[in-house]
Amino acid sequence: MNVVSEPIVRKKLSDEVFARLKHMIETGELKAGDDMPSERELMERYGVGRPAIREAMQALAGKGLVEISQGERAKVLRITAESIIRQVDLPAKLMLSGSSDTLEHLKSARIFFERGMIREAATKASPTQIAELRALLDTQKQSLGDADAFIEADMEFHQCIARISGNPIFAAVSGAMLGWLKSYHTEMLIWTGRENFTLAEHEEIIRAIEKGDADLSEKAMIKHLERSRALYALKGQK
């Protein structure tokens, strides 16, 4: 008879502290906005040294469960779609930087995603929300000649469309995609007259939303994103 080896792995003290603190957060013993117990309290409670407590706290912060501020107690964070997605921000940027294929995949994913969002906007947008889109378009027009301001207004325009859905997950995913793509925005948009294409396409999108026409809105968004996808490239591939 063969004996199956099942060695018992001894946990690090910090891993055990992490598990217990995470359990306190998961069960609601510690709620969003609460201060975490002090290092001294935790050392006495669990009978471990300061390094184990600090490692556990850093692990909690790395998971987006607590916020650590110099000279203050760590605080339990409120978990949102935005805070969850923010945890993958750096890995996502590193992944994108290593492959032009991955960047193309992100562009395609964005188009697929925004097609759905624009249809939501066309059926849900209120007069106030449409006015907000127009105000953002005016901001873009006033930003001509200022590349950073123009791109920021462009991103906010698309974020506004995402918020119209009323779904915070849509807004969080949209914001993340736009943030990741911003790092690869080339200078092709500015100083070549191409910014005027963006303004005209945004105007077309707003008019379609005003009509409440989901098909027309989707068509306008696809045209806009397919035309502008060439504006995002890895360095050396402009």
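Predicted model: local features only at pLDDT ≥ 70, side-chain atom pairs only at ≥ 80, totals over all residues.
Tutor: A pocket is an open set of points on a 1 Å grid over the protein atoms alone where a 1.4 Å probe fits, with protein on both sides within 12 Å along at least five of seven lines; lining residues have an atom within 4 Å of a point. Numbering starts from 1 along each chain, and side-chain values use heavy atoms, without hydrogens or water.

Student: Which residues lie nearest the centre of the largest pocket?

Tutor: Glu-39, Met-57, Ile-68, Glu-72 and Ala-74, out of 15 lining residues. H3 gives the largest share, 3 residues, and H2 supplies at least two.

Student: How do you know how H2 and H3 are oriented to each other?

Tutor: H2 (39-46) and H3 (50-62), both DSSP runs (H or I, at least four residues), pack at about 115°, axes 9 Å apart. Axes are lines fitted to C-alpha atoms over the stretch in contact, with angles from 0 to 180 degrees between N-to-C directions. Since 65 to 115 degrees counts as roughly perpendicular, H2 and H3 are therefore roughly perpendicular.

Student: What makes the contact between them?

Tutor: Glu-39, Arg-40, Leu-42 and Met-43 of H2 meet Arg-50, Ile-53, Arg-54 and Met-57 of H3, contact being heavy atoms within 4.5 Å.

Student: Which helix gives the most to the second largest pocket's lining?

Tutor: H9, with 7 residues; that pocket has about 270 Å³.

Methods
Parallel < 35°, antiparallel > 145°, perpendicular 65-115°, else oblique. Points joined across faces, edges and corners; volume = space filled by probe spheres on them.
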